[in-house]
Structure formats: C-alpha cells, structure tokens
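Student: Could you walk me through this protein with a few questions and answers?

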Amino acid sequence: MLILGIETSCDETSAAVVEETGDASKPWAVRSNIVASQVAIHREWGGVVPELASRQHIRDICGVVERSLDEAGAAWPDLGAVAVTQGPGLVGSLLVGVSFAKSAAAAAGLPLVAVHHLAGHIESLVLQNGELPLPAIVLVVSGGHTSLYLVEKPGHYELLSRTRDDAAGEAYDKVAKLLGLGYPGGPVIDRLARTGNDRAVLLPTTRLTHADRNAPELKGDLDFSFSGLKTAVLRYVQKSEGRSQKSEASDFRLQTSDLNVADICASFQRVVVTGLLDRLFDAARRYQAKSVGIAGGVSANSRLRAELADRGVRREIPTFLPSLALSTDNAAMIAAAGLRKFRAGARASMDLNADAALAL
Ligand code: KG4
Ligand code: ZN
C-alpha cells in the first residue's frame, strides 16, 4: 500500500509518498519526499512570520503534492490513504494542510489519518533505520520542542520530560540572531562552531531537580531549560562589546576582550549538546532502554550526531538518527506515522480540525 503524507505545520510545505514494504523489521520505504522551504521568505524578518507562512503554503501545496506523486510514479487511484499533520504548530499553516488533505481524501475516496507532528519525528527514526529495539528513549529536539519520550510498544509514546522554557532549536535561533548570524540559527552555528574553542567562554549548564508546577505528573528531573543559557550568551556579548551595564554583567568574567564568534558558537554548542545527551542517557539508564534515538531539526547537528554515537559505544547501547533529509520537517515522516496509525485502525472524520497545541 502507498500513503500520501502532507506536512504544513511551520515553514515547510511538504508532501511525500511512502510505501509499506511487508517487512516487519523495516516496515516503510520512501518513494518521494518533496519539501518547499520558506526559509528565504522568513529570513528577511529574522524568524517565521505566521501570516506569510500560511499564505505561502496555499501557493505551494498543489504543486508540491503533484510533484510528490510524480516522483513516486503514482496516481491518486494507487494510494490507500492520506495522512496529514493535525498539530501542534502554527494554526494558519496547519489549516492549509488539513483542508487540502480532507478535500483530497474526499475527492479521491480515500481514508484520512490525522498525525501528531512529534509522532512523525519519532517515526522518522523507524523510517530510516527500521523498528528500534524496545523500550527506546527518543529525544525530539526541534525549533518548537525539546522532549523525551519512552517508547515501550510501537506507536505508543510516553512523555517523560520537556523543556521548561525555550526549545533547543529556538535557543540556536535566538543566539544566532543576537550574534547577527541570520535565520535559521542551527546550521550556521553548527558550521562556525567547528573552528571555535568550545572552552573559550564559560557558560552555565542547567540541571533541574524539582518538579514543574505546570506539569506535576512529570518528575521534572529530566526536564530541559535553555533560556538561561541564551541570556548568558547575550550578557557575554554585551559585556564584550562594552555595552552592558556593570551590574548586569558582573556574574560573567571575560576571557577575551574581542568578540570571537566561532568561540561563542562552539562554547554554546558544547553546553547544549552535553545537556541534551546527559538527560537522554539518564533516561535510558532509568528505564533500562534497549536503544536511544534523536529526531527533529536539531538532530541534524554535527556535534550532537557524533557525540551520540560516541556515548552509545561507551554505554553499549545502540543509537539511532534520521538522515539529514528526514531530520528537519518533512512529509515522509508524517506518512510513516500515518501508516502506523492506519494499521492500528485510526481514521479521521471530515470534521477534523487543526489543533495548534495538540498533545501527544
Ligand atoms: O524540526 P524542525 O525542522 O522544525 C520544527 O518542528 O521546529 O526544526 C527546526 C530547528 C530550527 O530551530 C533550526 O535552527 C534547527 O532545527 N536546526 C539545527 C541544525 N539544523 C537545523 N540546530 C542545530 N544544528 C543544526 N545543524
Ligand atoms: Zn518539526
């Protein structure tokens, strides 16, 4: 069976055709995965402008879907279902995908499946690597989320922890902005960090020990926090440039009077990557996981990828990553998660609505 996936939750319009292989250990194969990125549009504004995003999705969606079918060598009658991201994300953007998917499913007489965006990121690991040894701990780390999930059974995701404030990708984007590096920040900081000294700037690491009053059901000690780190970079830059007030910057001792952007990037990246991997492997130990994985846009980070592999070897636990194309937002992961739900019997009705804050 072939399934069409549609993803429009943020600033990528994507459509993909994924095929069921019949092989239980590697259940899905990508036939096509078309992504129309709006990065060039939003870069001018330093971040995603929701109204521009939804308008661009409307312009792109038909062409992107047609190309995904073309590249897959498929026509509408060859499909068995349509899967679409219902949420979370920007509501105007989500509505374009949901409306298109409902119309297409109705017109072609196909069943519709609603997919959670983060379930898509988690299933990108299976799409790439085949079924993971379970139980698995998966870190989903993107521009909007930094969350740990326990996967005990295929298709069941238990939230273990999340960020209390900024997502890791958001911290990358904000730090890049204050360094004048443009949007999105992840790829450029990743590149500059390679030439910097990652111990040049002393930045704080955060370790949460108490439960979050807003999420008492979670223990809280596996939670993440990145806003303090971002503020520390800001203070460092202000002090280096001699612009900050003495009182504000008194906590931070300068190690160099010149602003060395590569050193700041490397130092920031070391703290982010270490924080992410520490919590991931803490969770793996606590739940006696048989594998760990990282998905989402930030899983494209070169240092995160390399250190995940290193730590996996040291701790003797298999580690999994999506390919770079499957790391950032794409519809193939939505099609894969949709196929999983379709086989479990899930069907969405024509009343399906976008949900900007959909829970997993
Ligand atoms: O998953 P994604 O495409 O969209 C969301 O669902 O948010 O993730 C986008 C995020 C952005 O914050 C971007 O800066 C970050 O992923 N990102 C990276 C890298 N490539 C993308 N962060 C660190 N290193 C990278 N190489
Ligand atoms: Zn995403």
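Tutor: Happy to! This is a predicted model, where local features need pLDDT of at least 70, side-chain atom pairs count only at pLDDT 80 or more, and totals for chains, interfaces and linings use all residues. Residues are numbered from 1 along each chain as its sequence is written, chains are lettered from A and ligands numbered from 1 in the order in which they are written, and side-chain values use heavy atoms, leaving out hydrogens and water.

Student: Is S9 buried or exposed?

Tutor: S9 is found in the loop between β1 (2–7) and β2 (12–20); strands are DSSP runs of E with at least two residues, helices runs of H or I with at least four, numbered from the N terminus. Buried means under 20% relative accessible area, exposed over 50%, partly exposed in between (1.4 Å probe, protein chains only). The relative accessibility of S9 is 3%, so S9 counts as buried.

Student: Which protein residues are donors of the zinc ion (ligand 2)?

Tutor: Donors are N, O and S atoms within 2.8 Å of the metal (3.2 Å for Na, K and Ca); water is not among the atoms, so sites may look incomplete. Here the donor atoms are NE2, NE2 and OD, lying 2.1 Å from the zinc ion. They belong to H117, H121 and D329.

Student: How many residues apart are H121 and D329?

Tutor: The zinc donors follow the spacing H-x3-H-x207-D along the chain. H121 sits in helix α4 (residues 117–129), while D329 is in the loop between α11 (324–327) and α12 (331–343). This pair links distant parts of the chain, and the separation is 208 residues.
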